[in-house]
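This report covers a few local features of one protein chain.

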Amino acid sequence: MEQRGCVARRARRQWVGCVVAVLLWSVASAQLRYSISEEVNEGTVVGNIAKDLGLDKTTLKDRTYRIVSNAMQPFFHVNQNDGILYVSQTIDREEVCERSTTCLINLKTVLENPLEVHYVAVEVLDINDHSPEFLEKKKTLEISESVLPGARIPLQAARDPDGGLFSVQQYKLSPNDHFRLEVKDKGEDGKIPILIVQKSLDREIAGSHSLVLTAVDGGKPPKSGDMSILVNVLDVNDNAPVFSQEIYSVMLDENALVGTTVLQVNATDLDDGPNGEVVYSFSNSVSHRLLSLFDINPLTGELIVKDSIDYEKKNKHEIEIQASDKGLAPLATQKSIIIKIVDVNDNAPEIEVTSFSSSIPEDSRPGTTVALISVNDLDSGLNGKVICSIGDDVPFTLSPSSQDKMYSLVTKSPLDREEQSNYIITVHAKDTGQPPLSSEKTISVVVSDVNDNRPEFSLSPYTFYVTEANAPGNSVFSVKAFDRDENDNALISYHILRDGREDNTATSFLNINTENGDILALKGFDFETLKTFHFRVVATDSGTPSLSSNVTVNVFILDQNDNAPVILYPVSSNGSAEGVEEIPRNVNAGHLVTKVRAYDADIGYNGWLLFSLQEVTDHSLFGLDRYTGRIRTLRSFTETDEAEHKLVILVKDNGNVSLSATATVIVKVVEPKEAFAASDVKSATNDEEDNNVTFYLMITLGSVSTLFLISIIVLIAMQCSKSTDYTSKYLQETNYDGTLCHSIQYRSGDKRYMLVGPRMSVGSTIVPGSHANTLVLPDRRTPGEVRHIDIIQLPVLSF
């Protein structure tokens, strides 16, 4: 007994589990369905969609939950804050769903990002707000007294716009002895009251009968309407018309022209005279909808099209016609005509974009949904089958949805806004009817930018030549970068890469305008301190995340003539450029009296020194070598020559604006014995001074030579690393004359540069030169063309 109980409980649990599974499956697969009564006020709550779909309220707003509707005035709206569906306007069920048993309003709702479609059906429930009503309040019937019991006389049905139980449910006839009522259910056309003769009529006893027909609906409480019927009893007309066919069925093309004959019926009556003349009409059971579409010729029986026929509204009509004779008590026979409407391809496909993302990021993966497209054709069969397509010249494709006549517009290949930022997509819909009908809809898709391009500099590397002694705070050069992205992704800011290395300390006195790339020097450059340096500029866009690129900037400082010559010898004990030289009176012409030594911190022409006698007591006695600064006797001394001579030597450089210094040499002419004695003492002093000067000159020569070689190597390496349109080509210049020992020419882009320097010899002292001169030389590549050539001068040596 206990075992049987366990088995029974296990079976019940399995049965309950199956039922729950089926219910859960049906809920998951079915659409939401609500019901409301008609005529409810605006703002009435229909249902909580968010709760029923299991969606968060934040999800509704973030994903733009909304109803997709084609109606000009939608009946419902959804609140994105709470997901509740509200009534937007008063709904009259009889207008929305005329003569329909169930009134459903289907809503299509969507969630975006990602796209999600939910279908909601709202059933509008009928209320009993209409009473049954007869079109004729009074009806007169003429019935022959020969009518046998059981004769049927159809009566006009009452109209009640309500549906279901609230429509006409029954008819009642006022109590009488001769007639009874029968109700025939015509389906869509409702219930039809039929008056049946229950007892033979006797005109001599009663010439007329007054009846009241009452139509009652199914409301609680029920509503009703009455029609008065006056039955006049006529004399004998005992033959009713008879139709020639038992069944009438015909095919009619939709959109048949008004006036087209559908068919012609024929009925005969065996009576003679007026009792045998037949007239045709519609039965009282024919609805007003059919009466508006068709008409019948009362004499010929031709059924004629009265208004346009539309297969999409109704594909079959059943019309009951009546043939009556002209007897005093006319007899009538009813016959149904079945009209089947044949569909023609008269409706072009309709394209509806139900959800559309007007902008799509360029980094969207292939298969990203851009829009949901639904197509519909009101025709049927092949006339309603639609093929949807788009062009092949766009990176999009149509993907059929699981639902019929739904497509997803998705990306089929990667997008690049920099190549194309906007696409005009034409959706073609074509049915398979004969002839086919088609329609088009254009969709504009904007490709939005993402930060996928780094800033690009216009040159790489940059090379600038800056003259020393520039004004602090002024812009010295500029870099420029561009970004193929747009808006913030293309907004570039610049900054100098400061890595803190000792060999890149020059960046500490540089500043850059972050917006336009102008680089400012916070202090003036000094060629004698710094001849060249390089640094890196970083360009960063404003995208998220930001992208950047950098470029090397090479800067060469150009020399200015900003250093005056400095006298190395003679120098007196008090620091002034003045010295005393003693020579024997018996020296011959050409005797070296002394040598004025000087140097200039500039280089090139700015440091190339020339010597001249500014003041001398006797021009015939002393001569000065303008290049070496050596002072020699021009002739032998005579007894009349003075014993002391003052020579003022002017030392000047060859800059555009020359700078100079002067040295004074006092030459004392002594007798030979005194000269030898003095020369012994002086030689020791001069040797020591010469040794010191020579030591300093060696240090200076080594430093300048090292800097010069480093500059040349860096310059050659930079020029060799450039592209073919920006290369350095060194050419040996053999035609240069003057005091320069040699020159080297090179090209860089459209410019030509020349390295020049003086002759050098053993025992020379090095004089640093300048880098700020420009020669105008003809370019041998283009005859007759004159170009400006920047000159970089080699160190100048003075003897």
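Helices (H or I, at least four residues) and strands (E, at least two) are DSSP runs, numbered from the N terminus. The model is predicted, so to speak of a local feature takes a pLDDT of at least 70 and to count a side-chain atom pair takes 80 or more, while totals for chains, interfaces and linings use all residues. Residues are numbered from 1 along each chain as its sequence is written, and side-chain values use heavy atoms, with hydrogens and water left out.

**Backbone**

Most residues other than glycine have a negative phi, and most peptide bonds are trans. Asn113 lies in the loop between β6 and β7, and its phi is near 55°, a positive value in a residue other than glycine. Asn113 is exposed, with a relative accessible area of 61%; exposed means over 50%, buried under 20% and partly exposed in between, using a 1.4 Å probe and protein chains only. Thr64, in the loop between α3 (57-62) and β3 (66-68), also has a positive phi, near 50°. Thr64 is partly exposed, at 32%.

| Cis bond | Omega |
|---|---|
| Asn113 and Pro114 | about 0° |
| Ser460 and Pro461 | about -5° |

Pro114 is in the loop between β6 (104-111) and β7 (116-125), and Pro461 is in the loop between β32 (456-457) and β33 (462-467).

**The loop between β18 and β19**

Asp269 sits in the loop between β18 (267-268) and β19 (278-282). Asp269 is buried but has no salt bridge, and the nearest side chain of opposite charge, Lys326, is 11 Å away. A salt bridge is a side-chain nitrogen of Lys or Arg within 4 Å of a carboxyl oxygen of Asp or Glu. Lys and Arg count as positive and Asp and Glu as negative; His and the chain ends are not counted. Gly276 is in this loop between β18 and β19 too. The C-alpha atoms of Gly276 and Gly327 are 7.2 Å apart, although 51 residues separate them along the chain. Leaving aside neighbours within four places in sequence, Gly276 is in contact (heavy atoms within 4.5 Å) with Asp269, Asp271 and Asp325.
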